[in-house]
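This is a walk through a few local features of one protein model, taken in turn. Please keep the sequence and the structure in view while reading.

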Amino acid sequence: MATTTVIDNELVEASKIAARRESELTVREAISKHKSAIFWASFFCLPNIIIGYDPTIVGTLVGIPQFRKDFGYEYPAGSDSYVLPASWTSAFTYAPVIGFMVSALWGGWCVDRYGPRKTLLGATILSLLTLLMEVLGESAPVIFAGDLLTGLLTGSFPVLGPAYISEILPVCLRGIGLSCNNLAQVLGSLIGIAILRGTEDRTDRWAYKVPFITEYAFPLIFIVGSFLAPETPWFLVKKGKYEEAEKSLRRTGYGDDINNTLAHMKETLLLEASTKDNATYLDCFRGTNLRRTFICAMAYSGQFLCGINLAAGYCTYFFELAGLSTDQAFDMSCGLFALGVVGNLLSWPLMTIWGRRAGYIWTCGFTSVLMFIIGFVDLAPGSNTGAMYAKSTMLLLFNFVYNVGLGPIVYVLIAEIPNTKIRGKTLGVACFTPHIFSISITAGLPYAMSTTEANWGGKTGFLFAGLGLITVLWAILYLPETKGRTFEELDILFEQKIPAGKFASTDLHDFDQLRGYEAIRV
C-alpha cells in the first residue's frame, strides 16, 4: 500500500545535489576531505579486535599443555600427556559465542536508541568487571562464566561498529571502512595467538593468565575514544537533533555541504516513513524489511557455514591433530592469521572492482573447494607426512581466501542493506542468527575432531564444503549488489522489489519515477 508523504520541493532538490556529490566523489577526494571521518571510522573498527581476540584465546587454551594439565586428565595413563574432556573443550569455545549471540540483540536495541558511541562506552565499562573473573578464576567453571559474561557485553561490538562506520563515511569509502571490521577481528586473533605463543612454554598458570590480563589494554582505549568521538549525523537526524547533526557533519568533513547533506538524510528517512520512529524488532520482519533482514542474517551465516570456526577457533588444535608439534602448531596459527591480515588488505582494491555480490559468491565457492580438498587428503594414512602438511597448507590458504572476500564483505552487506531507521536492530538480528549455527558447530567440532571421540580430523572438511556450496547457491539467487548505492537508492530498489541479480544494472537516474510512495509536493 502506498504511503502519502509530504515533501518539500527544496528538500528534494537539495537531496539530489547531495546524492550527486556522493556518486561523483572519488576515493582520493574523499580521503583528502573526510580525514576526521576516516579517523573515527577506524577507531570504531578497533572494538572488533576483541571479537577476534577473546574467542581465539579461549578456544586456543586447549592447545596449551599447562592448561590441559590444570583442567584436564592424563591420557593415556602414565604418558604424562594431558587432554581436556570434550565437554569442556566445547564449553570454553562456545562461552563467548553464546554471549555474542545474546548481546547482538540488546546491542542492536541500544544502537538505535542511544547511538553507537554511548553503546560502546557502556559495554566497555561493564566489561572491566567481567574480565576480572577470567583473570582471577582458579577453576574451569569460573573462567567459563567470566568469558560468557564478557561476551554478553562485547558481543555488541559487531553491531555498533558497522552501524557507526556506515553512517559516517562517504559512499566511496564505505566498503573499505566496513571491511576493516573483519580486519580488526583477524588482527585480534593474530595478537591472541602471538601472545599464547609467547606463554605456552611456561609451566605455571601464567601460561594462560597472561593472555587474559593483556585484554585489559583494549577497554581503556575504547573508553577514552568513546568520550571524544562524534555521534553519527544519521543517528542525530533520526532523533530530530538537527543542530547536533550539523556539528557532527562539520567535524567529519561536510562543512561546505551541510545543508544539502542534511536534506538528503531527511528525505531518506521520509522514504522510510512506513517504519515507526519507536520501531521494535518486529519491524525487521515487516514489509520490505523482511527481505533485508533475511539477506543480512543469511549473508552473515555464510561465515560459519563455510568453516571459519574450524580455521579460526580450532586452528592450533587442528594442526596438532594433523601431526605437528605444539610449537609448530602455534607457528602455523600465527601464519594463518597473518595471511588473513594480508587478505583483508587485498580486499580493499578488489572490492572496488568486483563489488559485494561477485566477491561473496566466488570466495565462498573457492573456500568450499578447499574444504573438499582437506577432507579428501585426510583419507590418506596418518603416517603420510605429505598429507599432514597438505592439510595444514589448505587451512592456511582457506583463511587467506576467506579474508580476501567473504569475511570482509559480510560486514559491508549487513551495514548497507538495512533500513536506516532500524539499522541497529537489523544488525542485531543479523548477528544473532548466525551464532545459532556457530554454537551448533562449536559444540560439535570437539567431538568430531577429538581422537577419543569421533576422530574425524580433517574429514570435517566434507561437512563445511557441503554447507558452503548451499551458501553459494543462496547468494546467486538472493544476494543483491550494493556497491556505490546511497541509502536512499537502496530504499528505492527494495521498495520496487528489484530482483537481486538486477540491483547493479537498475537505473535510478530519475528518482521521482521510482519512488515507492505518493509524494505531495509543497
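The model is a predicted one. Begin with the lining of the second largest cavity, which by class has nine nonpolar, four polar and four charged residues. Of the 17 residues that line the second largest cavity, Glu22, Leu169, Trp234, Tyr254 and His264 are the closest to its centre. Two or more lining residues come from each of helix H1 (9-24), H9, helix H10 (171-199), helix H13 (233-238) and helix H15 (258-271). In total, the structure holds five cavities of 30 Å³ or more.

Helix H9 also takes part in the packing around helix H3. Helix H3 spans residues 35-43, and its buried residues are Ala37, Trp40, Ala41 and Phe43. Viewed down the axis of H3, these residues fall within an arc of 155°, so they line one face of the helix. In general, an α-helix has 3.6 residues a turn, so residues three or four places apart point the same way. The buried residues of H3 pack against helix H7 (116-136), helix H9 (157-168), helix H12 (217-228) and helix H14 (242-251). On the face turned away from the buried side, H3 carries the exposed residues Lys35 and Phe39.

The last stop is Thr363, in helix H20 (residues 357-377). Is Thr363 buried or exposed? Its relative accessibility is 5%, and buried means under 20%, so Thr363 counts as buried. The side chain of Thr363 reaches the backbone oxygen of Gly359 at 2.6 Å. Apart from neighbours within four places in sequence, Thr363 is in contact with Trp354, Val401, Gly405 and Leu406.

How values were computed:
Residues are numbered from 1 along each chain as its sequence is written. This is a predicted model: local features need pLDDT of at least 70, side-chain atom pairs count only at pLDDT 80 or more; totals for chains, interfaces and linings use all residues. Side-chain values use heavy atoms; hydrogens and water are left out. Buried means under 20% relative accessible area, exposed over 50%, partly exposed in between (1.4 Å probe, protein chains only). Helices (H or I, at least four residues) and strands (E, at least two) are DSSP runs, numbered from the N terminus. The arc is that of the directions from the helix axis to the C-beta atoms. Contact means heavy atoms within 4.5 Å. On a 1 Å grid over the protein atoms alone, a cavity is a set of points where a 1.4 Å probe fits but cannot get out, and a pocket is an open set with protein on both sides within 12 Å along at least five of seven lines; lining residues have an atom within 4 Å of a point. Grid points are joined across faces, edges and corners, and a volume is the space filled by probe spheres set on the points. Ala, Val, Leu, Ile, Met, Phe, Trp, Tyr, Cys and Pro count as nonpolar, Asp, Glu, Lys and Arg as charged, and the others, Gly among them, as polar. A polar contact is a pair of N or O atoms within 3.5 Å; within protein, one must be able to donate a hydrogen and the other to accept it, and residues adjacent in sequence count only if both atoms are side-chain atoms.
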